[in-house]
Structures are given as structure tokens and as C-alpha cells.
Amino acid sequence: MVKNSRNRPPSRPAKAPDARRGRQAQPRQAETGKRATLPRALSKLGFCSRGEAQVLIAEGRVRLGSRLVTDPETWVDLAADVIFVDGKRVAAEKRLYLMLNKPRGLVTTRHDPQGRPTVFDCLQQVDATHLSAVGRLDKASEGLLLFTNDTDFANRLMDPKTHVAKTYHVQVEGQVDPETLARLAAGVEHKGEFLSAERVTLIREGEKNSWLEFVLTEGKNRQIRRMLEVEGIPVLRLIRIAIGRLELGTLEKGAVRELTEAELRGLGG
């Protein structure tokens with residue numbers, strides 16, 4: 001029996017090419033260990049951040065082999081392609097992982113518009129051209145600050161999903177009662193934002209001031225100072241003493257040293 005052709009659904013037209021691009025849409029390629037977009041490649045080579053790379057590309061300063069590249073979505077094979085910036089070949093730098101005992105009064109930036117001293121003033125004996133700080137410490141804070149040119153390592157440490165604990169010792173004015181410690185440990189709200197710590201404990205106290213230990217796994221701006229502000233507690237000193245299992249130890253204030261292989265492994269590097 002022949003089926004009635006009038007009951008057949010109309011055939012769908014073939015998918016037209018992407019008219020906006022003048023070509024059929026191509027599937028997005030996944031990044032691998034050897035393939036990456038051009039900004040990502042420059043970042044992985046330790047030359048600059050992805051944001052800085054996009055500026056260089058837009059300014060027409062980047063070539064892939066002999067070809068000028070102006071599209072930041074251009075894919076690069078890190079095992080085969082050669083990248084040039086301003087006519088100079090970009091080669092993978094030796095990976096550097098440094099720790100600094102940041103003194104109070106320095107801002108965590110490379111160039112400060114106000115001309116204030118920066119943490120990079122402590123790195124003058126190091127080729128810090130392509131180094132970046134891993135996270136931040138505000139001007140009034142002290143202690144352990146990491147620097148690297150390994151952006152993957154830095155991103156892993158700063159990603160809230162990795163839950164890398166950061167430990168701070170905080171000197172505050174006056175004595176802190178157990179009820180206040182309990183409220184801080186439970187979390188407080190500051191200007192509509194909930195701020196919490198993994199742990200808040202009393203280390204020691206005197207007649208005029210106390211030392212508290214805060215352990216954080218998130219890094220919101222001025223988090224500890226804001227938490228204590230809610231409770232009306234003035235901060236006298238704030239020192240980061242550890243990141244994960246890496247401790248500040250006896251490193252002198254303003255001094256810099258490289259991480260050991262064991263310390264790097266402890267941080268997942």
C-alpha cells in the first residue's frame with residue numbers, strides 16, 4: 001500500500017550558513033595542555049596576564065610566526081607555534097615562586113597612581129618583570145604574600161573552590177569575650193554582605209589588647225577588618241602567617257625567598 005504523501009510532514013530546510021559571519025558556525029575548540037587562545041598562551045608562557053595580552057594584541061604588537069594577529073580568539077599550538085611581541089620571540093620563562101614578608105605601609109600593586117611604596121619595591125633584587133602577586137594584602141596589613149609568573153598556580157590558589165586556608169593573627173584593642181568570638185565564628189553581615197570565617201579563636205590577651213587567630217577560605221576585600229568593625233573592635237595589627245601548609249616562619253620583614261620543592265608541592269604546585 002502506498003502511503004498518502006499529503007500526510008507526510010514537510011521536510012526541514014537545510015541549516016543555512018551563519019549569515020552574520022559569512023560562514024558556517026564552527027564549534028569552539030577546547031583548551032588543552034598544548035593548545036590555547038593567544039592571550040592564554042602568553043599567560044601560560046609567563047609573559048603577561050591575559051588582560052595585558054589582549055591589549056598587546058589590539059595594539060598590533062603580537063605576531064604568530066610572521067603573521068600579525070589582531071584577533072584574541074586565535075588559537076595557538078604551544079608545542080609548535082612561535083609568538084613574537086614587539087619583534088622579540090616569547091619563550092617560556094623559568095617558573096618562579098617567591099614568598100615575601102610584607103611590611104606594613106606597602107600597597108599590593110606594581111604601579112601606584114599616588115606614588116606610594118609598593119610590594120615590588122621589595123623585589124628589586126629579583127627579575128620581577130612578569131611576576132604577579134597571588135592575592136592581596138591591604139596597605140595596613142603585614143605578612144605572607146606570594147609572587148609567581150605561573151598563572152595556573154596563582155589561579156588555583158585564589159579560586160574559592162579550592163578552599164585553601166589562609167591564617168591571620170590579629171591584634172585588637174581591648175579584651176574579646178566568648179560571646180563575641182562565637183558571633184564572629186558564626187559570621188556577620190556588613191553592609192548587606194555576609195562575612196564568615198572557618199575559625200576564630202583567642203590566642204592570648206592582656207589588659208589593653210588581645211590577639212585573635214582567623215582562618216579564612218574566602219578572600220573578600222578587607223574581610224577581617226570589616227568583621228571586627230561590625231563588633232566595634234579596633235584592629236591594631238593584622239598579619240597573615242600561613243597559606244595552606246606554607247608558613248611565614250622566621251622570614252624577616254621585607255625579605256624575599258624562593259619556595260622549596262616541598263613547600264610548592266604542599267600548595268599543589
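Helix H3 spans residues 151–158, and its buried residues are Phe-153, Ala-154 and Leu-157. Buried means under 20% relative accessible area, exposed means over 50%, and partly exposed lies in between (1.4 Å probe, protein chains only). Helices (H or I, at least four residues) and strands (E, at least two) are DSSP runs, numbered from the N terminus. An α-helix has 3.6 residues a turn, so residues three or four places apart point the same way.

The model is predicted: local features need pLDDT of at least 70, side-chain atom pairs count only at pLDDT 80 or more, and totals for chains, interfaces and linings use all residues. Residues are numbered from 1 along each chain as its sequence is written, and side-chain values use heavy atoms, with hydrogens and water left out.

The buried residues of H3 pack against strands S7 (97–102), S8 (132–134), S9 (142–148) and S10 (166–173), and against helix H6 (261–266). Contact here means heavy atoms within 4.5 Å. The N-terminal end of H3 is capped by Asp-150. A side-chain oxygen of Asp-150 lies 3.2 Å from the backbone nitrogen of Asp-152.

Two aromatic pairs were found. Rings of Phe, Tyr and Trp (its six-membered ring) pair if their centres lie within 6.5 Å; planes under 30 degrees apart count as stacked, over 60 as edge-to-face and the rest as tilted. Tyr-97 and Phe-153 form an edge-to-face pair, 5.0 Å centre to centre with 80° between the planes. This pair links distant parts of the chain: Tyr-97 belongs to strand S7 and Phe-153 to helix H3, 56 residues apart. Tyr-97 is buried at 13% relative accessible area. Phe-153 is buried at 2%.

Phe-120 and Phe-147 also pair edge-to-face, with ring centres 5.4 Å apart and planes at 75°. Phe-120 sits in the loop between S7 and S8, Phe-147 in strand S9, 27 residues apart. Both Phe-120 and Phe-147 are buried. The charged end of Arg-110 sits over the ring of Phe-120, 4.1 Å from its centre. The criterion is NZ of Lys or CZ of Arg within 6 Å of the ring centre and within 35 degrees of the ring normal.

A search of the whole structure found zero disulfides (a pair of cysteine sulfur atoms within 2.5 Å). Cys-48 is buried at 10% relative accessibility, whereas Cys-122 is partly exposed at 22%.

Notes: Polar contact = N/O pair within 3.5 Å; in protein donor to acceptor, adjacent residues only side chain to side chain.
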